[in-house]
Amino acid sequence: MAATGASVRLMGAIEERLRELEVELPAPLAARDQGFNYVLVNVAGSIAYLAGHGPQDGGQPTPLMTGRIGDDLSAEEGYRAARLVGLAMLASLKQELGELDRVSRWLRAVGYINAAHDFTGHALVLNGFSDLIVEIWGDAGYHTRAAPGAATLPFNVPVIVEATVQLG
Amino acid sequence: MAATGASVRLMGAIEERLRELEVELPAPLAARDQGFNYVLVNVAGSIAYLAGHGPQDGGQPTPLMTGRIGDDLSAEEGYRAARLVGLAMLASLKQELGELDRVSRWLRAVGYINAAHDFTGHALVLNGFSDLIVEIWGDAGYHTRAAPGAATLPFNVPVIVEATVQLG
Amino acid sequence: MAATGASVRLMGAIEERLRELEVELPAPLAARDQGFNYVLVNVAGSIAYLAGHGPQDGGQPTPLMTGRIGDDLSAEEGYRAARLVGLAMLASLKQELGELDRVSRWLRAVGYINAAHDFTGHALVLNGFSDLIVEIWGDAGYHTRAAPGAATLPFNVPVIVEATVQLG
């Protein structure tokens, strides 16, 4: 029936968009299963909280990129790292929610930038994350954000993002 | 009628308070209109998320203050910068909500302090923001806060604050 | 009656757990009473926001631990500091809510780690906080988290955690 068809299309809109953009998600990380004392996604009502994610693939033992931006990495490499962070988050959301279409809106994100002492291009780096989310979710992807410089980051990854999304 | 009159007075209470305190807001920034991939305020139900704001005036091409506190700037200058951050946030809220009176309570704020290696006066700096909010909103302005030191900040601003408020 | 008995046991479950674990809380801090312009806990509906807490005891004039992890302190000392942060938070929650049992779930935490330039063990440090919360709340204690390195922290404490919890 028409209504069901529309509903099916709607339910799969984000997955469809990922295919259009030829975006491939990494293997999900599995914080809790690996004996950690925290979770990657926590749902409370219509809000899902996302843990800080680095540029990681759950199938790899080490981060996909490491280094300090402005010292070891260029701003462009930082941008790529931030995009990889977004992909890792999507893998976590998909694992937790089953369907990425359950994410109706992105609300806020904080991107911690592992930056050299004189670096000021934090916004350019975090664009790697924000561009990805807006490419996929369109208007619903626009989030508030902050991009503070971190002195150091776990495992020396170049960027970590934590975020909050709305479920619809 | 009395009830309507009371309601009108209530609706304008914050705007009235700004006049009493002779607080002038800067021009609002316009992240999305300028082609950015994020927003300055995101409303979800009765919560509004505020992006990280620096000491900025939307009518100026560069931040109103730059520098690292403890190296380039004193703690007192940091305090003034944090107050300017608060004013920039109010401009964003007014632009997004129309009326600042729609903000019924301040919930939380994180102030990232661009601080020299041996600086420990983060609380004094963030007071520039917290004092402003409490002066205007009174009891409803009391927020939770954290004031971590950032190694660096975008455009070398001395302080960035991101916050969450309740709409009433 | 059985239902009442179950309810009574449920209401005191967290307090009971603290006794089992022989966990003693420090004296609560009192930000607002001491003339500060912020609060340690802010409740909005079923959510409570927690201010950034350091390893502090409200009965002591100075933090229980200070120093930069990797320079002045080992990762193990950082772990102990993060546990003390958790205890300070519990004291704040108990002061604000009356009963820790009102906290039904931990949602998210951000731990700012005062770390040396080449430190990468942030996760180990923040485990001091996460382990404590999960020991006490069990499944309901699993939270999302991020552990960015801070260049500096207020009063040179080794770690600050800010968090969000759900009230039930």
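Visitor: At what angle do H2(C) and H4(C) pack, and how far apart are their axes?

Guide: H2(C) and H4(C) pack at an angle of about 115°, and their axes are 9 Å apart; here the axes are lines fitted to C-alpha atoms, for helices over the stretch in contact, and angles between N-to-C directions run from 0 to 180 degrees. This is a predicted model, in which local features need pLDDT of at least 70, side-chain atom pairs count only at pLDDT 80 or more, and totals for chains, interfaces and linings use all residues, while side-chain values use heavy atoms, with hydrogens and water left out. Residues are numbered from 1 along each chain as its sequence is written, and chains are lettered from A and ligands numbered from 1 in the order in which they are written.

Visitor: Which residues of H2(C) and H4(C) meet?

Guide: On the H2(C) side they are C:Ile14, C:Arg17 and C:Leu18, which meet C:Glu135, C:Ile136 and C:Trp137 of H4(C). The residues of this contact divide into four nonpolar, no polar and two charged.

Visitor: Why is the pair C:Arg19 and C:Glu16 called a salt bridge?

Guide: The term needs a side-chain nitrogen of Lys or Arg within 4 Å of a carboxyl oxygen of Asp or Glu. The closest N and O atoms of C:Arg19 and C:Glu16 are 3.3 Å apart, and because that distance is within the cut-off, the pair counts as a salt bridge. The two residues lie in helix H2 (residues 13-20) of chain C, three residues apart, about one turn of the helix; a helix is a DSSP run of H or I with at least four residues, a strand is a run of E with at least two, and both are numbered from the N terminus.

Visitor: How do you know whether C:Arg19 is buried or exposed?

Guide: Buried means under 20% relative accessible area, exposed means over 50%, and partly exposed is in between (1.4 Å probe, protein chains only). At 55% C:Arg19 therefore counts as exposed, whereas C:Glu16, at 40%, is partly exposed.

Visitor: What makes B:Arg83 and B:Glu135 a pair that ties parts of chain B together?

Guide: These two form a salt bridge whose closest N and O atoms are 3.6 Å apart. B:Arg83 lies in helix H3 (residues 75-97) and B:Glu135 in helix H4 (residues 122-137) of chain B, so the pair ties together parts that are 52 residues apart in sequence. B:Arg83 has 24% relative accessibility and counts as partly exposed, and B:Glu135, at 31%, is partly exposed as well.

Visitor: Why is the pair of B:Trp106 and B:Phe129 called edge-to-face?

Guide: Rings of Phe, Tyr and Trp (its six-membered ring) pair if their centres lie within 6.5 Å, and planes under 30 degrees apart count as stacked, over 60 as edge-to-face and the rest as tilted. The structure holds nine aromatic pairs over all chains. The ring centres of B:Trp106 and B:Phe129 are 5.9 Å apart and their planes stand at 75°, so this pair is edge-to-face. B:Trp106 lies in strand S3 (residues 103-114) and B:Phe129 in helix H4 of chain B, so the pair ties together parts that are 23 residues apart in sequence. B:Trp106 counts as buried at 0% relative accessibility, and B:Phe129, also at 0%, counts as buried too.

Visitor: What are the values for the aromatic pair of C:Trp106 and C:Trp137?

Guide: C:Trp106 and C:Trp137 are 5.5 Å apart, centre to centre, with 70° between the planes, and the pair is edge-to-face. The pair links distant parts of the chain, with C:Trp106 in strand S3 and C:Trp137 in helix H4 of chain C, 31 residues apart. C:Trp106 is buried at 0%, and C:Trp137 is buried at 9%.

Methods. Contact = heavy atoms within 4.5 Å. Nonpolar A, V, L, I, M, F, W, Y, C, P; charged D, E, K, R; others polar.
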